[in-house]
Amino acid sequence: MKIDMHAHWRPAALIEALRVRDREPRIVRNADGVEVLKTRAAEQSVDKAFDDVDRRLAEMDRQGITTGVLSLLSAFTWLERQPLEESQKLTRIYNDSMSALCKAHEGRFVALASLPLTDMAAATAEFERAIALPGIVGAQVPSNLFATYADAQAVRPLLDVANRHRALIIDPDPEETTVLELRMIEQGFEVQQARNAEQAVKILQKGEIEVVVSEIDLENQDGLALLAEARKQPWGQKLPWIVVTGRSGGADAQKAFSMGAQDFMTKPISSDLLVAKLKQIIEREAAQTGLRGVSGSLAEMSLPDMVQV
């Protein structure tokens, strides 16, 4: 697998927004009646100013590139520095279009979000929204935001979003999972809960979960049967999975490990120990792939992996 980690993109999705702008950069008709993208420095015909997905795919195929990580070309990053109302609209258009492109060409592209950087609260909110979209794996921010420690502290909210791990707890008893959920949230996890296998599958099919903690005794399906089903699906083939149970005996543990579970724990469980195991598993997965979440499929890549600078 060959991944292009720095594939710039000139987004045609911005054409309509550029047509209604009253200052450069904008799209206008020149003296010959041809639509051009006009900047302060130059102008270029619209048909050459934006990227075409079919041409990009052909280039990737010629170079043997399996997946391209798309980021906004620097000539277009002006949209991140506009007044908030405008930059929010433009970055949202861009992010939604990139997600649609990734979804239409699953496995060939993932993308980094663009953010309205004139307001850190707004940038964080857009990052939270965008990172949940199919194909969006992170965000790009300018390197000068990290020029000093004080500068870096100002963008910590973005880093917190980027470093958050998404976990699913599958357990029919909310009383047993409340303490664990709170402890995981304290340690930077974004936690979802499912009370039965049907709820769990609906969540897992989205491809956003990084690690699962599942009880064996579920309401409508055995937890080990759910694990077996997950291993047959693209979204679950390599998904880290910890099995927990109140049962005694080693047969369940043997069965869980044979299905590819990363760990097996017997209740009562120490929340601190389980969180430590979760972090260890995620770090091990990151070391094996070389990039958190980026492996062999879009489902594995559509995670809050990185902030690119």
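User: What makes the approach of the Asn95 side chain to the backbone nitrogen of Ser114 a polar contact?

Analyst: In this predicted model, the side chain of Asn95 reaches the backbone nitrogen of Ser114 at 2.8 Å. A polar contact requires a pair of N or O atoms within 3.5 Å, one able to donate a hydrogen and the other to accept it, and the value of 2.8 Å lies within that cut-off.

User: Why is Asn95 called buried?

Analyst: Asn95, whose place is in helix 4, has 1% relative accessibility, and because buried means under 20%, Asn95 counts as buried. Leaving out residues up to four places away in sequence, Asn95 touches Ala113, Ser114, Glu126, Arg129, Ala130, Leu133 and Ile136.

User: Why are Trp9 and Phe109 called an aromatic pair, and why is the pair called tilted?

Analyst: A search of the whole structure finds two aromatic pairs. In the pair of Trp9 and Phe109, the distance is 6.4 Å centre to centre, which is within the limit of 6.5 Å, so the rings count as a pair. Their planes stand at 55°, and because stacked needs under 30 degrees and edge-to-face over 60, the pair is tilted. The pair links distant parts of the chain, with Trp9 in strand 1 and Phe109 in strand 6, 100 residues apart. Both Trp9 and Phe109 are buried.

User: How do you know that the pair of Phe50 and Phe76 ties together separate parts of the sequence?

Analyst: These two rings also form a tilted pair, at 5.8 Å centre to centre and with 50° between the planes. Phe50 lies in the loop between helix 2 and helix 3, whereas Phe76 lies in the loop between strand 5 and helix 4, so the pair ties together parts that are 26 residues apart in sequence. Phe50 and Phe76 are each buried.

User: What makes strand 9 and strand 12 the edges of their sheet?

Analyst: Five strands form an open, parallel sheet in the order 9-8-10-11-12. Strand 9 and strand 12 each have a single partner strand, so one side of each is left without a neighbour in the sheet.

Technical notes
Residues are numbered from 1 along each chain as its sequence is written. This is a predicted model: local features need pLDDT of at least 70, side-chain atom pairs count only at pLDDT 80 or more; totals for chains, interfaces and linings use all residues. Side-chain values use heavy atoms; hydrogens and water are left out. Rings of Phe, Tyr and Trp (its six-membered ring) pair if their centres lie within 6.5 Å; planes under 30 degrees apart count as stacked, over 60 as edge-to-face and the rest as tilted. Helices (H or I, at least four residues) and strands (E, at least two) are DSSP runs, numbered from the N terminus. Buried means under 20% relative accessible area, exposed over 50%, partly exposed in between (1.4 Å probe, protein chains only). Contact means heavy atoms within 4.5 Å. Two strands pair if DSSP finds at least two bridges between them.
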